[in-house]
Every structure is written in structure tokens, then in C-alpha cells.
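Hi,

Here is the structure I promised to pass on. Please open it and keep it beside this email while you read.

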Amino acid sequence: MTGNDPLRRLTEDGRRLVGEQFLQGQVELSDAEVSDYVEPLPNGANADLDRLDDSVKRVISEYAQFDTAMDGALARDVHECLDVTRRTAGDPGLWHWLAVVRYPEFVFHRWQYSSEAAMREKFLGAGSDLYSNALHRLWWIAELTHDGEDYGLTDVVFANQTMVNKVFDRWFARYQPAVVAICDELSDEPSWVIDDVTRRFNHVLTNIQLEALTEAEARDLVRRIISESR
């Protein structure tokens with residue numbers, strides 16, 4: 001059950017605080033520096049930030065820097081602790097606040113020494129791009145792959161970095177029936193099959209209305225593509 005900690009957002013002007021030195025981990029932002037650029041979310045969404053604070057600290061202490069396994073270790077807690085709708089999750093300012101102000105240590109632990117452009121994306125990405133912001137991507141992947149309290153498919157996805165990269169960096173990734181079908185069907189496939197099938201699936205969808213597909217129809221389509229790929 002989520003807590004009652006109010007969630008906030010970083011304003012557009014606050015993005016200017018994320019300069020080259022910050023992205024390189026050379027400076028930290030003080031509360032005084034960010035206070036004028038942080039505001040409540042319009043709908044007053046809440047979260048259990050105490051639990052999420054503990055989860056972030058645990059992941060940082062248990063996983064070596066850059067270890068991709070920390071994504072899967074944190075995703076469920078990010079999803080369960082943030083009491084937000086998909087509409088609210090579409091507000092980039094929420095994820096900018098979480099990454100830049102609340103949990104920059106996680107972003108650096110997971111991504112530091114990536115290119116400046118990549119680091120900027122992990123702090124200031126979000127919106128329509130599921131794969132950008134370091135916290136946004138964890139919430140959305142969990143959102144699209146969980147079934148109530150069952151995060152089994154979420155765990156399967158994060159255990160396979162190729163699947164994370166090839167499924168959730170595609171335009172169909174926001175349509176849950178397609179995501180569930182393709183992740184489930186590809187769960188035991190090698191990387192080259194995942195790469196080929198997601199590319200072909202994406203191409204086929206140029207001639208099919210994605211939102212008209214049921215999960216069963218998407219699953220049948222994925223199975224046919226896997227058969228052709230082999």
C-alpha cells in the first residue's frame with residue numbers, strides 16, 4: 001500500500017540546473033538551489049517515499065556500479081511505491097524530480113561515465129520515450145508487464161537485457177497486450193531471435209492497427225514471426 005508522501009515535479013526552468021558538471025558527478029545540487037524549481041504535481045499524487053528510499057539504498061549497496069541487474073531489483077518497488085496513473089506518469093517533470101533531486105545517486109550508480117548525451121537522457125528524458133529516464137523506464141516496464149501483484153513477467157524481462165532494449169525502445173511498447181504477448185513468447189529465445197522478431201514485429205505493425213490487436217492475436221502474430229525467423 002502506497003504512503004502519503006506528496007510527489008513533486010521539476011519545472012522546465014529547473015532543467016537548467018543539470019549542467020555538464022552535474023552530469024559528470026562533480027557537483028551536487030543543494031536543497032536551496034532546487035527549491036525554486038520544484039512544485040507539487042497538479043493532481044496531488046502520493047507515494048511511499050520512505051520505502052523507496054530504503055529500496056534505492058539497498059540496491060546501491062548490493063549491486064556493483066553499472067550492473068544491469070539492479071534495474072530488475074528496483075523496478076517493482078518503484079512501481080508499487082509511486083501511486084500514479086499512466087496519465088500522471090506521462091508528466092516528464094515527475095521523473096526529472098525523482099532522478100535529479102530525489103535519487104541522483106541511483107542514476108549515477110547505474111549509468112555514470114556514459115556519454116554526456118546519455119547521462120542527460122537518464123536524468124531529463126521521459127514523456128513519450130519509455131526507455132530514457134532512469135526511473136521512468138523502470139516504472140513503465142513494470143506497469144506494462146505486471147499482473148496485479150504478480151511481477152513474474154517483469155522479472156523475466158529485466159533478466160534479459162536484450163529484451164529490455166529491443167522491446168521497450170520500440171513504438172509499440174506502450175500497448176500492453178502486444179508487450180505481454182511478445183515478452184512472454186520471447187522469454188526463452190536467444191538474443192538474435194529477440195532482435196530479429198522485434199524488428200519484424202515492428203515492421204508488420206506498419207500495416208496493422210496496433211490498438212485493434214487483442215493479446216491472443218498479438219501472440220499468434222509473434223509466434224508466426226518466430227517460426228519465420230528460425
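Predicted model: local features only at pLDDT ≥ 70, side-chain atom pairs only at ≥ 80, totals over all residues.

Cys81 is buried, with a relative accessible area of 1%. Cys183 is buried too, at 0%.

Next, look at two helices: H11, residues 161-168, and H13, residues 191-204. How do they lie relative to each other? Their axes come within 10 Å and cross at roughly 5°. Angles under 35 degrees count as roughly parallel, and H11 and H13 are therefore roughly parallel to each other.

Now zoom in on where they touch. H11 brings Thr162, Met163, Lys166 and Val167. H13 meets them with Ser191, Ile194, Asp195 and Thr198. By class, this contact has three nonpolar, three polar and two charged residues. Keep one rule in mind as you look at the spacing. An α-helix has 3.6 residues a turn, so residues three or four places apart point the same way.

Then move to helix H8, residues 116-124. Which of its residues are buried? They are Met119, Lys122, Phe123 and Leu124.

One last stop. Ala126 follows H8. Its phi is positive, near 140°.

Best wishes

Definitions and conventions: Residues numbered from 1 in each chain as written. Heavy atoms only, no water. Axes fitted to C-alpha atoms, helices over the stretch in contact; angles between N-to-C directions. Helix = DSSP H or I, 4+ residues; strand = E, 2+ residues; numbered from the N terminus. Parallel < 35°, antiparallel > 145°, perpendicular 65-115°, else oblique. Contact = heavy atoms within 4.5 Å. Nonpolar A, V, L, I, M, F, W, Y, C, P; charged D, E, K, R; others polar. Buried < 20%, exposed > 50% of the residue type's maximum accessible area, 1.4 Å probe, protein only.
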